[in-house]
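Welcome! Let us walk through this structure together, one stop at a time.

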Amino acid sequence: MKFGVITFPGSNCDHDCVHVVTAVAGQKAVELWHESTDLQGCDAVIVPGGFAYGDYLRTGAIAKFSPIMQSVKQFADKDGLVIGICNGFQILCESGLLPGALMRNAGLKYICKQVHLRVESVDSPFTNNMKNGEVLMLPIGHMEGNYFCDEATLAGLHKKEQVIFRYCTPDGDVTEAGNPNGALDNIAGICNEGRNVMGMMPHPDRSSEEMLGSADGLKIFKAMVAALATK
């Protein structure tokens with residue numbers, strides 16, 4: 001399978017994603033420049049973490065206007081597989097590919113640490129190899145990871161099972177103690193109604209090898225490969 005990894009000015013996890021896709025998951029990867037409109041025949045697109053355009057206006061607010069994101073929107077509209085990680089999640093929300101927004105963390109501090117996530121839905125190409133209620137350990141590294149949406153949107157997310165991951169304790173309890181950033185309803189990752197676009201704040205790219213403290217993130221990339229193989 002061929003994964004396209006976008007590079008914006010300020011991206012800093014693009015090479016991490018390329019490494020995981022190629023050296024760990026054993027797939028092909030190409031780097032996609034933000035000024036290009038060519039997705040180079042990719043089977044899936046990764047919008048990586050970092051600080052696109054320096055986050056000088058609002059996280060993801062400038063990146064959504066980049067030429068490559070116009071192509072990503074068209075790709076997603078045709079059921080193309082897209083995952084946004086950290087800053088990539090913010091960009092997908094700003095671009096309208098996912099509902100809601102990411103605000104400043106509760107406490108207004110940058111947070112970088114390992115957290116636990118509970119798998120809320122396995123009905124997605126990103127979690128098809130997991131179990132409902134399974135607990136993963138992945139790291140976060142963000143200042144604006146506090147997910148928010150209005151009540152109607154939240155109700156819709158739950159009704160259509162679009163909440164994919166929620167922050168939890170190591171035992172899998174979704175509580176305030178397991179919420180690192182104040183995210184609404186402990187939401188750590190969601191998908192669109194078509195279930196082909198997912199955004200998440202924790203980093204599977206930084207947790208796909210045991211030497212990094214956890215290889216749980218690799219499950220997400222393997223799930224995507226498996227989903228693509230059935231297309």
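A residue is called buried when its relative accessible area is under 20%, exposed when it is over 50%, and partly exposed in between (1.4 Å probe, protein chains only). Isoleucine 187 has a relative accessibility of 1%, so this residue counts as buried. Before going on, please note that this is a predicted model, in which local features need pLDDT of at least 70 and side-chain atom pairs count only at pLDDT 80 or more, while totals for chains, interfaces and linings use all residues. Residues are numbered from 1 along each chain as its sequence is written, and side-chain values use heavy atoms, with hydrogens and water left out.

Isoleucine 187 sits in strand S10 (residues 187-191). Helices (H or I, at least four residues) and strands (E, at least two) are DSSP runs, numbered from the N terminus. What is isoleucine 187 in contact with, leaving aside its neighbours within four places in sequence? Its partners are Tyr147, Leu154, Leu157, Val163, Phe165, Arg166 and Tyr167, where contact means heavy atoms within 4.5 Å.

Now turn to strand S1 (residues 2-7). Five of its six residues are buried, so S1 is largely enclosed by the rest of the structure. Two strands pair if DSSP finds at least two bridges between them. S1 pairs with strand S2 (residues 28-33) in the parallel sense, over six bridges, and phenylalanine 3 has alanine 29 in S2 as its bridge partner. S1 also runs parallel to strand S3 (residues 44-47), joined by three bridges; here valine 5 has isoleucine 46 in S3 as its bridge partner. Together with helix H1 (residues 14-24), S1 and S2 make a right-handed β-α-β unit. Right-handed means that, with the strands pointing away from the viewer, the path from the first strand over the helix to the second runs clockwise.

Helix H3 (residues 87-94) is the next stop. Eight of its eight residues are buried, among them Phe89, Ile91 and Cys93. Just after H3, glycine 96 takes a positive phi of about 85°.

Finally, how many disulfides are there? With a disulfide taken as a pair of cysteine sulfur atoms within 2.5 Å, the count is zero. The sulfur of cysteine 42 has its closest cysteine sulfur in cysteine 17, 13 Å away, which is too far for a bond. For cysteine 149, the closest cysteine sulfur belongs to cysteine 93, and at 9.4 Å this is also too far for a bond. Cysteine 42 is buried, with a relative accessible area of 8%, and cysteine 149 is buried at 5%.
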